[in-house]
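Let's walk through this model together, starting with its charged pairs and ending with one of its helices.

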Amino acid sequence: MCIFLMTEFFHSCTTNERKREIEELLNNFAQQTGAWRHCLFFLSNTRNEYVMMYSLTVFENLVNKMWIGVASQDKMEIRSCLPKLLLAQHKVVPYFIRNKLCKVIVDIGRQDWPMFYHDFFTNTLQLIQSPALAQLGLVMLKTTSEELACPREDLSVARKDELRKLLLEQVPTVLGLLTGILETYWDKHSVIASTPPPSPTSGEMELLGSLFQGSQYSKLLCQPMATLDNDSQQLCCLVLECLAHLFSWIPLSTSITPTLLASIFHFARFGCDLRTKAKTGSFISSNSSSSNGGRNGQQSEGNKVDRARLGVLAMTCVNELVSKNCVPMDFEEYLLRMFQQTFFLLQRLTRENNAHTVKSRLQELDESYLEKFTDFLRLFVSVHLRRIESSPQFPIVEFLALLFKYTFNQPTHEGYFACLDIWSVFLDFLTTKIKSRLADRESVLNRYKDALVLLLREVLNRIQFRYNQAQLEELDDETLDDDQQTEWQRYLRQSLEVVAKVMELLPSHAFSTLFPVLQENLDVYMGLRQFIVTSGTSRRLNISAENDCRRLHCSLRDLSSLLQAVGRLAEHFIGEIFAARFSDALAVVERLVEVTCYGSQTSLYDLETAVPSVLKPDLIDVHAQALAALQAYSHWLAQFYSEVHSQNQSQFINLITSAIDASSPLITAKVPEKLLLSSCHLMVSITSTVRPVFLVTLPAVQNIFNLITTENQTRRLPQEAHMLVCRALSNMLLLPWPNLPENEQQWQTRSSNHASLLAALTREYRILRGTVNITPRQPDLNNMKAVIQQTLPVLRDIVDSISGESTKSRQICYQSLQESVQVSLSLFPVFIQQPDVTDEMLAFFLTLFQALRVQMGVAFTGQIIHTFLSMFTREQLAASILQEGSAGCRVVQKFLKILQVVVQEPGQAFKPFLPSILSLCMEQVYPVVAERSSPDVKAEMFELLYQILHQNWRYFFKTSVLTSVQRGAAEDTMENEAQFTAAMQAFGQSFLQPDIHIFKQNLSYLESLNSKHKLYHRKLFRTSMLLHFINVLLQVLLHKSHDLLQEEITVAIYNMASVDFDAFYSAFMPEFLNGCQGVDTSQRAVLARNFKLERDLPSFTQSVQRLVNDLRYYRLCNSSLPTGTIKL
C-alpha cells in the first residue's frame, strides 16, 4: 500500500489535491503508535527509494520528537535493528539512503549514548578499523561530529554539554585512527623509486633551504606523489572530510600531532598536481558506491576530479585550523611547522619550468583548490602574521616574494581581487607596526622596501592598458554591482587603495614611481593640439589610422586611471608632512592646473574623431578626471593658502585663477554632463575648502554670477549642476575668509551681494505669493509646482552647506532667505493636498529648522509649528500614512523629523508646544501606525517619542538635582503621568511586532533612557511596567522571532532585573515559570533550579540562554508525546 501511495505521489500526472490527500494519509500513519515496525519491514523488504526515504523520515521524527514516550523495550529493539540493517544493506542502497540511515542511528546516539546505548561510539570506531567497512564508519563519524558536537536546540543545555565533553574525550583516539589511515594509504601507494626525485632549480633549493631550515618535513614533502587507486581516494577523501569537520569545533591542542599535520600536507599536494584540472564534483561521500562501469577515459577523468578533491579537502582542514585566533602556547610550534609546510606548497604553485609559466600552471589547477589556498593566505596574514613574523625560523621576505608571484599570476579577476585584499591587510599590519615602533622605523621599512617597491610597480602596471590590455578589456564597465560600481571601477579602486597604502609607507619612492608615468601619458594628451584640424565650424582630430586610434585609446584610458591615482594620493601631502612634501605636491597641482586649462581651451570633448564611440568618451573622461584630481588637492591648496601664501602669494593666486579659468568655460548646458559636473564640484571645493578672498573679483566668477542670475531659461543648467553652482556662489559670499580678522571680512558688502543673488534665484518663486488666495487652474498649478520644485532644492542645498558654519554666515543666509521662507509658509496650505509639493516644502523647512532655527527666532518658528499642527489633521495624516512608500508618507516622516528638531531645542521657548506634539504623536499618528507595518513613519514617530522623553525629562519627572544625588530620598514627583504611560505602552507594543528594525531601535531607546535618566528605577516604571517588559522580552527570546538581537535583548533583561535582583529571583521568576504553558511541574522545578542566582552579566546571560533553550526543549518533547503518556 505504502509503495503504491509513494509511487502515485511522485508521478507526474498526480494532481496537487491528490498529493495533499496522500500527504495527509502518510502523516496520519507516521503518528500511529508502532508505525516504526511497519517502516522497519519496508526498509528490509523494498528497493523503492521513495518508500525507504519515507520510512527513515518516520524513524527520524520518532527519535527526535517522540523518543521520550517510546517504551524502553521498543527503544532497545530499534537500537539493535537499525545498525544491523545498515551493515546488511549499505552497499546496495543509494548513498543518500545510507547517509539518512546513518543520521537516524546517530540521532539515537544523541539521545541515549552512553547510558542506554553504550557501544554507539565504539561501534563506529570498530567500523573505521575494519578495512571492508571503513568507508561506512567514516560516514558515521562525520555524521556524529555534525550532529553531536553542534546539536540543534532539541536537547537540553546539560545534555549538549555532556555530549561535547564525551566527544572531546574521544578526540585523541579518533585523530589517531584517522592519522593512521592517511599514513597507511600514503605509504602503501607511494612510488618507491631507486633514483631520487628530480631536483628543483638552484633558486628553488635556496628558497626551500631558508623556508625549511632544519625542518624534518622538507624531505617528506619532496617525496614523489602517491598513486592512489579509486577506492583509496574515496576513503582518504572521507577521512579529510571528517578531519575538516572535527577541526571546526575541537580546540587546538597536542592531539593534533605533527604526524597528522604532515599527512594532511601530503594530500594537499594533490591540488598542486597539474593533472588534477577538472570540473570539481560533489563531495565523494555523496557519490553512489556502485559506480564501477564506464569507459577508461571517464574513469581517468573521475580520477582527476577525486585527486583534485583530495587537495581541496586537505586545504579545508588546514584553513579550519588556521582560522582559530586563540592559539595555546604549546601549539605555536605546530603552527609554525604548518606554515612552513603550506609555503612549501606555495613555492610549488609558483614554480616555473620549461613546460609551464606560473600563470599557465595556476590556470590548469582546480579553481576550488586555488580559492582554498588564497583563503589560507588571507587567514595567515590577517590572523597569524603578528605571531610568526618575528620568528627567525620564518623567512617573511621570501614569503612575500612567493605571494607576489602568486598574486600577479592569478588566472581570474576574482582571484586577483582576493590577493589584493591580502596585500591590503599586510600593508595595514606594517603601517600599524611602524607607528608603534618609531625608534626602529627605518630598519623595519628597509626590511620590506624591495617587496613594497615591486608591489607598487606591478599594481600600477596592472591598471595600465599599455602593459595589461588583454585582461583590462575583459572587465565590464557598464553593469553596476551592489556597491554601485562596475567591475572596472572595482578593479581600479582596489588597485589604487594598495597604491595609497604603499604611498603612506614610502611616500618619496611612490611619488617618483607614479609621477613620471603620469607625465609620459600627459605628453601624449597635451600633444593632441597639433592634430586638430578646423574646417568651417567643425573641428576634427586628424588621427584616423586604426593602429594609432587604438594606441591613443589605450593611452587616454591609462591617463584617466593615473589621474585617479594621483587624486587618491592627495591626502599624503597635507597635515604634518605638508612642508616636507611641498615641492612634490606643487609639481602635481601645477601640472593638473595646466592639463585642465589645456582641456578647456582646446575643447577636446567637442572634437569629431575617427572612432567617436570610443575616443570621444575617452577625451571627456580624461578631462573630467583631471578636474576631479585637482579637486582632491583642495585641502592642500587650503593649507598652502593659510601657511605660505604670504611668501608665494602670486604663485597661489595663479593656481586658483587658472583652476577657475579651467572650470568656468565648462559651466554651460552645451558641455557633456560628466564634464559639467566635474567642473561644478571643483568650483564648490575651492569656495568651501580653500575660500580665497579674491575669488569673487575674478572675471570668470563674475560671468558665472551673470549666467545664474539672468532669466534666460534656454541657458539654464541641468538641476544638479545648477544646485552646485548656486552653492559655490553662495559659499563665496557666506563663508568666512581664512587668515583674516572679523573686521576685515567685509560682511556688509557680502551680505548685500548675497541678498541680490538669492533675490535673483527666487524671483519667480516669490511672485507665487500673489496667487495664495486664488484657486489656480490646472495648467497654472503645474507651472507653480515646477517653480517650487526647481527653487526649493537649491535653497535647501544652500542652507545645508552652511549649517555647521559661524553664526554670522547663518545670519546673512537667513536675511537673504527671509522672504522666501514666508512665501513657503503662505503657500503651504494651498498645496497641502499635493503630497509631492508638500514633500519638497517640508524638506526645505526641515533643513531650516536644523540649520537656522536660532536665526528664525522663537516667534516665527512658533508660527510655523502652529501652521503645521493645524494643517495636519488626523484624517490628513491617516490618508498619507496608509499610502506606504508614497510622497504622502514621506511628508509625514519629514513633519515628524521637524518636530524632533523642535523638541530637542534647549530652553523654554518651545516647551508650550510639547502637549500638542505629544497629542499629535499618541492620538493621531500612533493609532494609525500601531497595527500596520508602516516602518518608515513608525521609526520617525518612535524617535520623536524618545527625543520628547530624553530632552524633556522634567516635563514628566520633577526630580531636583539633590534628590537624584541622595539615594533613599523622597520618590519622584510625577507629572503628565497618562502621557508617559501611553508612550511606554507604545514602546512595549512595538516589541510584540515582527519588524526587527523598529524592535532594535526602540530597545536601544529604552536602554538609553535608563542610562541617562534611570528609567528602570523610576517608581512608576518599576512598580507597574518593569516586569511586563521583562516578560515580553523573555517571550521574544522563547519564540526566536528576533534571534539576531539575542545579545541586545539579554542585556536589556539584565539591566531591568538588576534594579531589584531579589524581587526578580524571588517573585518574578517563579511567577514567570508558573505561567509558562507546555511544561509540567517537575520540569518547572528543574528550570528554576538551573536558573542560578547570578548578578554579573556574563553568568546572567548564560542562565537566560539555558532557560530559553531548555524551556523550548521541554515544550518540544511534551508536544510530541502520544496522548495519555505518563512522564516519570
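How many salt bridges does a search of the whole structure find? The search finds 36, a salt bridge being a side-chain nitrogen of Lys or Arg within 4 Å of a carboxyl oxygen of Asp or Glu. This is a predicted model, where local features need pLDDT of at least 70 and side-chain atom pairs count only at pLDDT 80 or more, while totals for chains, interfaces and linings use all residues. Residues are numbered from 1 along each chain as its sequence is written, and side-chain values use heavy atoms, leaving out hydrogens and water.

Take Glu414 and Arg490, whose closest N and O atoms are 3.1 Å apart in a salt bridge. Glu414 sits in helix α19 (residues 413-436) and Arg490 in helix α22 (residues 487-505), so the pair ties together parts 76 residues apart in sequence. (Helices are DSSP runs of H or I, at least four residues, numbered from the N terminus.) Glu414 is partly exposed at 47% relative accessible area; buried means under 20%, exposed over 50%, and partly exposed in between, with a 1.4 Å probe and protein chains only.

Asp1062 and Arg1095 also meet in a salt bridge, at 2.6 Å from N to O. Asp1062 belongs to helix α48 (residues 1061-1075) and Arg1095 to the loop between α49 (1081-1090) and α50 (1097-1120), so this pair links parts 33 residues apart in sequence.

Now turn to helix α40, which bends by about 25° at Leu920; the bend is the angle between axes fitted to the seven residues ending there and the seven starting there. Among the buried residues of α40 are Leu914, Leu920 and Tyr926.

How values were computed:
Helices (H or I, at least four residues) and strands (E, at least two) are DSSP runs, numbered from the N terminus.
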